[in-house]
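Have the coordinates open while you read.

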Amino acid sequence: MSEVLLKVSDLTMRFGGLLAVDQVAFEVMRDEVFAIIGPNGAGKTTVFNCVGGFYKPSSGSILMDGKTINGLPSHKVAQQGLVRTFQNVRLFKHLTVLENLLVAQHTHIQTGLLQGLLKLPSYRKSEDEALQRAGDWLDFMDIRQYANREAGNLAYGHQRRLEIARCMITKPRLLMLDEPAAGLNPQEKRDLQKLIDQLRKEFDVAVLLIEHDMSLVMGVSDRIMVMEHGKPITTGLPAEVRVDPRVIKAYLGEE
Amino acid sequence: MSELIPQLTQQLFNGLSLGAIYALIAIGYTMVYGIIGMINFAHGEIYMIGAYVGLVTLSAIGVNSGLPLPMIILIMLVIAVLVTGVYGYAIEKVAYAPLRGGPRLVPLISAIGMSIFLQNWVAIGQGARDMAVPALVTGSVQFQLGSDFVITAPYSRIMIIVVTVLLMIALTLFIKYSRMGRASRACSQDLHMANLLGIDTNRIISFTFIIGAMLAAVGGVLIALAIGKLNPFIGFLAGIKAFTAAVLGGIGSIPGAMLGGVLLGLAETFAAAYISSQYKDIVAFGLLVFILLFRPTGLLGKPEVEKV
Amino acid sequence: MGNNVKNALIAAFMAGVIIAPVFGLQIVRQGMQTHLEPEWDVIAAGVAIVFVFQLLVRPFFARLFAKKAVKRALPVLSDSARRGMILLLVAIAVIFPFFTGRAQVDIATLVLIYIMLGLGLNIVVGFAGLLDLGFVGFYAVGAYTYALLYHWAGWGFWQALPLAGAMSALFGFVLGFPVLRLRGDYLAIVTLGFGEIIRLLLINLYSFTGGPDGISGIPKPTVFGFPMARRAAEGQTTFHQLVGWDFSNQDIIVFLYLMALCLALLALFVSNRVIRMPIGRAWEALREDEIACRSLGLNPTRIKLSAFTMGAMFAGLGGAFFAARQGLVNPESFTFMESALILAIVVLGGMGSQVGVILAAIVLTVVPEIAREFAEYRMLIFGLVMVLMMMWRPQGLLPVKRPHVELKA
Amino acid sequence: MLKLQNVHTYYGAIQALNDVSVEVNKGEIVTLIGANGAGKTTLLMTVCGSPRARSGTVSFEGEDITQAQTHTIMRRGIAISPEGRRVFPDLTVAENLKMGGFFLGSREIEEGLAHVYTLFPRLKERANQRAGTMSGGEQQMLAIGRALMTKPKLLLLDEPTLGLAPLIITQIFDIIRTIREQGVTVFLVEQNANKALQVADRGYVLETGKVVLADTGANLLVNDQVRQAYLGA
Amino acid sequence: ADTIKIGIPQPMTGPATQYGDQIQAGALTAIEAINAAGGVKGQKLEPLLIDDGCEPKQAVPAANRVINSGAKFAVAHACSGTTVPAVNVYEQEGIVAITPGATSPLVTDTIKPHFFFRTIGRDDQQGPFAAGYIAKELKPKTVAILHDKQTYGSGIASQVRDTLAKDKINVGLFEGINVGDSDYSAVITKLKSLNPDLIYFGGYHAELGLLLRQAREQGLKTQFMGPEGVANKDLLAIAGPAIEGLLVTLPADFTKLPGNEKVLENFKTAKRSPDGAFTMPAYAAVQILADSINAVGADPVKVADYMHANAFNTAIGKVEYDAKGDLKKFEFAVFKWDKAGNMEQLKF
Ligand SMILES: Nc1ncnc2c1ncn2[C@@H]1O[C@H](COP(=O)(O)OP(=O)(O)OP(=O)(O)O)[C@@H](O)[C@H]1O
Ligand SMILES: Nc1ncnc2c1ncn2[C@@H]1O[C@H](COP(=O)(O)OP(=O)(O)OP(=O)(O)O)[C@@H](O)[C@H]1O
Ligand SMILES: CC(C)C[C@H](N)C(=O)O
Ligand SMILES: [Mg+2]
Ligand SMILES: [Mg+2]
């Protein structure tokens, strides 16, 4: 259980004169839900971008399963089993829901051009399997009835689910969620919380979470890191973080 | 080889003046692009029409009218600018405005169609063959650098360089600091949002097109005076070159267009001088490809960091 | 109404400004001088027409369209309608040459070449969303591959055809590799640059490519090894001798047409299949959102490259056929205007729509031919048609519903 | 002040608003709640004239603006902080704010800037940063700030707290109260129905394009139906 | 009776329009004269004007139009660039075509046509002729040669180069420039430092006009020379006074040819000018077609055979053909321009 999956140390990201991320270090264990919270502009999304290979960090190291991944282009990072959702949902809006899930399996489907052109049996088999898997995930997310709709036309909450399904179908080891609850109503937030729990349990995936909705964060996370001005101010269990005066002052405010 | 330095200087001047020509057209290109994100392939044709209007004006005045030279040129410029302004406005209204909000490539094709149309419009109206423009601005600055190679800088070329630089500065300041400039930049990024702030975006777009067309006309007149030959098809090549210059400098950036134009002019000139005229365009395009490989958004273009 | 009059007046005035320097004031040359010959009647007529149009005709049409436009959404072709449409087109295409004259067959062959090019570019622009303004470069590579192989090594069409495709594909691959990380219009200009560089090289490598003269005397395809020509080279039997027909040029024309049809059908088949395959889905996904693709582990360069290469390959096949049909290649046939035309076909077709591409290729090839009747107005009309088409059908002539796999309930 | 009567709005063939009638009186805070896709954003945008209502009327200060163009509507003193923030990514923060006050004199712009900067000190710190590189929450502050620049009579806020930290959310609701005291009318769309209803004088509940409930904020807070569907009770 | 159609595919648009006009003038005048005299074997000749724009790209479509309109004879293409591709079509289709303009050897050398002819000399006559004049009369130490990279221009430029090389005259520069460019100052600076005694340009007038103008502007005073493709009124307009002293090779002035009084008369009645290098050759082309049809009827195969076998008396003098349709004899002459834009034939 307590094996380290992702190890980030000394991570620093500078934009011109701005230190957006400053010496951040944390570890995510296998099967853990690890949350990063902090005021707006604290550098949370930037940490994601560095880990995911979208930015090249100014310094620091990122190890996935002991292998260093910093400097890799983002698609290579993803192939290592780190996938993410985005602060603003980024679905393939004009593809159908089903197709979104098929595209995500691209790296797992290995059929040659010729097999496809001639519809050879091997091609059909692999397509059928891909469809099967997509169907399974649609069921799991409870959005099967929308399978043939354009993804961009789904209700926001459903889009969020689809985005998560799209990540999960790549069989990741670490799922990174950037404010997954933004724009959801309280009911949907509760569903999301259940979903995250379930994913972790059934699919053996660790979750790295950024979120401003405290009930979700507190309910779902194993550990929480709080950032401010690019620096971590504390890391701990939800119960500890919630009452930490520094966190209250910088982030939560008096309730 | 004591002639090397003066030769180089002469070529440098040649390159700069050619570059200024490209830049003058490229500025208009980049402006329109900057605002509505559309490659206005008909821009070169506006330039051509500007040149024709200049020639028409000149013919109306007559070369031996007795008016002072600067006066004649000024009249040519003013009339050309006014007429092309109308052209710019009308083209935008007819061929582009109805397509706004549709797929991105549609206006591009419409622009190509417009470009073909305008070429032949003038070809039918004024004839397809070459027109000669009387050499109005004659004479040159001449000086020697040590050897007997005389460096010659014709006034007509100097005029282009000076005007281009002035226009660039004026326009950069305008775009950067004026209210209108800011509004047009905002429109380029989010038309709908600009609309939601109470800005009449159609006006801004028309305005941009008019300014762009006017710049092209200035280019047309000055270049016609310097080169002395016109035909309805000169706009196309000039347009492509100017477009290249604009991209090289970073689309949307006015100093970039200037820089890109000059760089392109220098590259062509030096390639022609020290490799072969045959290969000058290859060198120019090669340079473009090469630079974009290292600066994917042009020399002065903003890096396209997309915040994810 | 008052407002209307004012607008019409303004429009009429602008029309005057637009017409005057081009049509109203003719530049006439006398020796080294020029003077003007005003034609006031032309200006007056132009102004009057615009005034009337703005005042009466336009409001009338506006009212007419305002009523219709709301109701009539664009008809979108369904999957089965599309299939039926294609079958019908193919059937017409096969019997067509036997019922018309040679001029028509000739133009039809040209249409087929453009269909093939259009379908090729459609993969790049329509499916993968990469704006390629230098497509004609690959067309040139294909054409010259055959021409040069013939010229230097005496190869025949059938030997050279696959190599022409492969060669263009290779060019697409090699050129695409470094530049495909460029975005949007930057990619467009670089591809335009490549197209131009290829053309300029063809002009300048005089001793290898024949420079501006190009290469002529390229043989037409043979029918199973028997040339279709008036006179055969030493020791060869021509096709008409073989089957005992009289020599007729019409036969060659029809034969070329049928071959072009086969190639176009091949292009249609492949592009139709490939868009339903994983790679096709990946193209579309990439067109929608590159960052999301990367976050899922898709390698954008590789995927773009496959589209670029495949498009180039079709251009190459088309090029080789073009060389054979013309009997001659020269760099003039591969200017930017040609790229623009092919792009116009794709866009007018309705990006990504194969049937649309076919229709657009027909329209954009036949219009300039018909317009030849109008002599110097030909290109004027062509340009105008392009603009009007875009306004009339900004979504393309025949937008189709994207083919997509469905999950059965 | 603002009045929608029997408004129907469509996106092409899709109907997004179905016979909606809503009123906002001067000096009120009115909130609109509803599930995802209910048509809240569409309602706000219909007020702005994009998309336009296909039938029914929208009137502002007694004048019919149903068919008016977006920019003329907005110049009557309406400002919006739209869904998705829509800051101009390549303009700096300061320039974005100035765009908000496009039609003001330079004195008023300075005052407006000063006002916004006191509300959101982060924006002042980053006045010369390109808006597109700001963090999600910072952009949200910018969008609200930009809308405040015009000193509007009517302020439309579409999910203003989306992506903001809890501390800031509290602050945003404080701001809403303050500006109402300064005489600005506020029309608010929120997912965070609990807080929204607490500040609101009145509220409407929208379901699939229809108004299903209309009452005072306090009443809606205790309404069972609302509590179940939107407050997560 | 039916008419006999004669296709006249010529540049009617584009920079070479001048030449198209000359050829039309010549051909139409001849056709009208012949028709006025009762036609050919009782049939009238019917001209079909078709535009080829002097663009290689339009050559094959234009040739196809000749065929599709049912013409079996043509006064074809002025420009070598259009003629070279078009020859294939005429040959394949068995159409008898005569070009009064295209001078490039490639026209007839590449496919050795049976159905295609000229009423003008070849550049491997004109080029060596010009080079001979240069070597014998001008005796320069260094020559610079520029060309426009097109079929005609680069062809004749290399002819001149090769002949000069044989005469041991130093060719210091041989370079192509772009058609359609407007600024040639880089090459001119290069020429200025090379400082040759003569600059030969192979190509058309538009480019030479700019070269002359810009050369004088940069203070380069070297003597220029060019082939028949540069010599027309447009050149004068573009180059302006810079034209002074330019040398060109042209077909001899056929209006002065004895025996052409009747022809000149016809031009007068038709209100057309017989001037221009290609007008008389175009006139001659129609004469040759008419004579042959008169002799053997309107079957192109027979006409072609007849043309190869016989001699003709025409507006350009006596004409005889070799096996691939080239003239057995054709004369060029050297002309010099003065400041006012008049040309004078030089003795050589
Ligand atoms: N590309 C960039 N260039 C310059 N500054 C940047 C860039 N990206 C982010 N920043 C700055 O770095 C800081 C951290 O941004 P980041 O997006 O990581 O914040 P965050 O913690 O995710 O905030 P939020 O909760 O609002 O999303 C912000 O102040 C932002 O303005
Ligand atoms: N541009 C559009 N084109 C087509 N349909 C649209 C468009 N915008 C919205 N819709 C549809 O209109 C309906 C109402 O959408 P709207 O955005 O107004 O909902 P909302 O209440 O604001 O939802 P959310 O809470 O997710 O923001 C939805 O069904 C949506 O799919
Ligand atoms: C009409 C002439 C200028 C043509 C030239 N002799 C050529 O062969 O192209
Ligand atoms: Mg963030
Ligand atoms: Mg909304």
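Let's begin in chain E, where Asn195(E) sits in the loop that links helix H7 (185–194) to strand E8 (198–202). Keep in mind that this is a predicted model. Asn195(E) isn't a glycine, yet its phi is positive, at about 50°. That's worth a look, because most residues other than glycine have a negative phi. Is Asn195(E) buried or exposed? With a relative accessible area of 52%, Asn195(E) is exposed, since the cut-off for that label is over 50%.

Chain E has another residue of this kind. Lys112(E), again not a glycine, has a positive phi of about 45°. You'll find Lys112(E) in the loop between helix H4 (106–109) and strand E5 (116–118) of chain E. Lys112(E) is exposed too, its relative accessible area being 55%.

Now hop over to chain D for a backbone feature of another sort. The peptide bond between Ser50(D) and Pro51(D) is cis, with omega at about 5°. For background, most peptide bonds are trans. Pro51(D) belongs to the loop that runs between helix H1 (40–48) and strand E4 (55–60) of chain D.

On to the ligand. Which chains surround ligand 1? Residues from chains A, B and D do, so the site is shared between chains. There are 23 residues around ligand 1, and those that come nearest are Thr45(A) and Thr46(A) from chain A plus Arg126(D), Ser135(D) and Gly137(D) from chain D.

| Residue | Protein atom | Ligand 1 atom | Distance |
|---|---|---|---|
| Thr46(A) | polar side-chain atom | oxygen | 2.5 Å |
| Gly41(A) | polar backbone atom | oxygen | 2.8 Å |
| Thr133(D) | backbone N or O atom | nitrogen | 3.2 Å |

How much of ligand 1 does the protein cover? On its own, ligand 1 has 640 Å² of accessible area, and the protein covers 95% of that.

Terms used: Residues are numbered from 1 along each chain as its sequence is written. Chains are lettered from A and ligands numbered from 1 in the order in which they are written. This is a predicted model: local features need pLDDT of at least 70, side-chain atom pairs count only at pLDDT 80 or more; totals for chains, interfaces and linings use all residues. Side-chain values use heavy atoms; hydrogens and water are left out. A residue is near a molecule or strand if one of its heavy atoms lies within 4 Å of it. A polar contact is a pair of N or O atoms within 3.5 Å; within protein, one must be able to donate a hydrogen and the other to accept it, and residues adjacent in sequence count only if both atoms are side-chain atoms. Accessible areas come from the Shrake-Rupley method with a 1.4 Å probe; for residues, only the protein chains shown count as cover. Helices (H or I, at least four residues) and strands (E, at least two) are DSSP runs, numbered from the N terminus. Buried means under 20% relative accessible area, exposed over 50%, partly exposed in between (1.4 Å probe, protein chains only).
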